[in-house]
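Open the model in your viewer and keep the selection tool ready. The stops below go from backbone features to charged side chains.

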Amino acid sequence: MLLLVFLNVLNLIGTGMGYSAEDVVNLKKTLFQTYDKDVRPSLDFSKSLAVDFKLVFHEVDEVNEKSQSISGSGKLKIKWNDNYLTWNESHFHDINQILVPEEAIWKPDIRIHNGRASIGNSESKSKQLKVGKNGDVTWIHFLWFETQCAIDVKYYPFDNQSCDIEFIFLNGDGIWIDSAVVDTDVTEVKDDWIIEKTKSRIINRNNKQRAQFKLYIKRKPYRVLLEFVLPVVMMAVLDLFTFCIPCDSGEKISYTTTMYLAFSVYTFILSSYLPESSDNSVIAIFLKAMMVLETAIVAVTAIQLRINHHSNNASPPSWVKVICRLTNKITCYSNKNKVTVFKEKHSEDMEVDKKISGEDVKRTCDNLDRILFWFFAVAMFLTSLTCLLVVS
C-alpha cells in the first residue's frame, strides 16, 4: 500500500515537471510553418494593430547646451498581439510562453523621429521576444538615444528645460498606438540636472501616429554659482579697491589693468559654456554690464592719474580746474585756507584760476577716489540685484 502511494506521488511530480526542449521545437515548427514576417499579423486588415509603448529611462548622460541636444539610455518595452502566433497550450504540454529570435517574426519598424541615433540601427541587448499562447508579443529593446532639444538659457543657471523623444513607425500603415507610458523611477542623471517630471502623449499628424515622451529637467545652480559667478563678483569687488590706492603710489593703473584682464579672461571662459544663441540670457547681460563697469574703472583711473600729473604744474589746465571745482562741491569740502569758497555766483574765471594750486589738485584726486568708489559700488550692486531678481 505504501509502495503504491509512493509511486503515485512520483507520477504526479513527473507530470508537473513541465515540457521539454523537444516540445518547444515542435511548437515553433508548427507556428512558423506558414508564417511570413513581412506581413502585418492581423487577421482583419481593415482594423489597425494596437501597440503599447513603455519607455523606461535608465540614465540621462549629457545635456549639451552647445549642440542643443540630450543623450542617455533606456529600455523600450513594446507590446502587440500577433494573430498568427497563437496555440492551444493543452496540445503542446502546457507551454504558455516561448522565446523567439527578433529577426524571425514581424515587429514594428521604429525610429526616433527627432533623434540623431536610430533605434533600428542601435545595438539591442534583447535578441529574444516573448510570445504568449494568445499571441501577445513583448519586445524589450535597450537603446542609447541622442535627440535634439532646444535649450533655453535665458535664466541660466536657474533654468528649466523640457526635451522630447518622439518614436514613429516607418511601417506605420495599419498600426495604432494604444498607450504610451514613461517611467523614471530608476533614472540616474549625470552632471548638474535633476528630473522634475515626465509626460507622455500620442500625437496624430497627417494620419501618422507618434509616441512622444517629454522629459522636464532642472539645473542644479550651485556649481555654476560657486565656480563661475562668485569669482566674477569677487573680481569686480576687488577692482573697486583701485580707488583705495593713492595716485602717487605708481601701482594704481597696473592694478586695475591686471584686474580688468583677469575679468576679461574669466568671462570669456564662462561665455564658452553657453550656446551661441544665449545673447539674451540674464547671465550674459550681467557679464556684459560688469565688463562695461570694469572698462569704465580703467578709463576713469587713467583720467585720474592724468589729473594728478598736473599737481606739479603752477597753473593746471582749465579742464582740471573745472573738475577740481566740481569735486569740491560734491564732497562739500570747505577749508578757507586751502579751497576757495565762491562768495558770489558770477565770479570771474581768472580770479578762480589763481586760487587752484597743486595741493588742490591732489585733494581732487582723493575726492575722486571716494566719489568713484561709492559710485561703482552702487552700480555693481544694482546690476547684480537686478539680474538676481530677474532670474528668481
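Helices (H or I, at least four residues) and strands (E, at least two) are DSSP runs, numbered from the N terminus. This is a predicted model, in which local features need pLDDT of at least 70 and side-chain atom pairs count only at pLDDT 80 or more, while totals for chains, interfaces and linings use all residues. Residues are numbered from 1 along each chain as its sequence is written, and side-chain values use heavy atoms, with hydrogens and water left out.

**Stop 1: a cis peptide bond**

Select Tyr156 and Pro157. The peptide bond from Tyr156 to Pro157 is cis, and its omega is near 5°. Pro157 sits in the loop that runs between strand S6 (136–148) and strand S7 (160–169).

**Stop 2: positive phi**

Gln68 is not a glycine, yet its phi is positive, near 55°. For accessibility, buried means under 20% relative accessible area, exposed over 50%, and partly exposed in between (1.4 Å probe, protein chains only). Gln68 has a relative accessible area of 22%, so it is partly exposed.

Now select His93, in the loop between S2 and strand S3 (97–101). Here too a residue other than glycine has a positive phi, near 55°. His93 counts as exposed because its relative accessibility is 52%.

**Stop 3: salt bridges**

A salt bridge here is a side-chain nitrogen of Lys or Arg within 4 Å of a carboxyl oxygen of Asp or Glu. How many salt bridges does the structure hold? There are 9.

Show the side chains of Glu65 and Arg219. They form a salt bridge whose closest N and O atoms are 2.7 Å apart. This pair links distant parts of the chain, 154 residues apart: Glu65 is in the loop between S1 and S2, and Arg219 is in strand S11 (residues 208–219). Are Glu65 and Arg219 buried or exposed? Both are buried.

Move to Asp109 and Arg111, whose side chains meet in a salt bridge (2.7 Å, N to O). Asp109 is partly exposed, at 29% relative accessible area, and Arg111 is partly exposed at 22%.

Finish at helix H3 (residues 222–240), where Glu227 and Arg223 are 4 residues apart and therefore separated by about one helical turn. Their side chains meet in a salt bridge (3.2 Å, N to O). Glu227 counts as partly exposed at 39% relative accessibility, and Arg223 is partly exposed at 38%.
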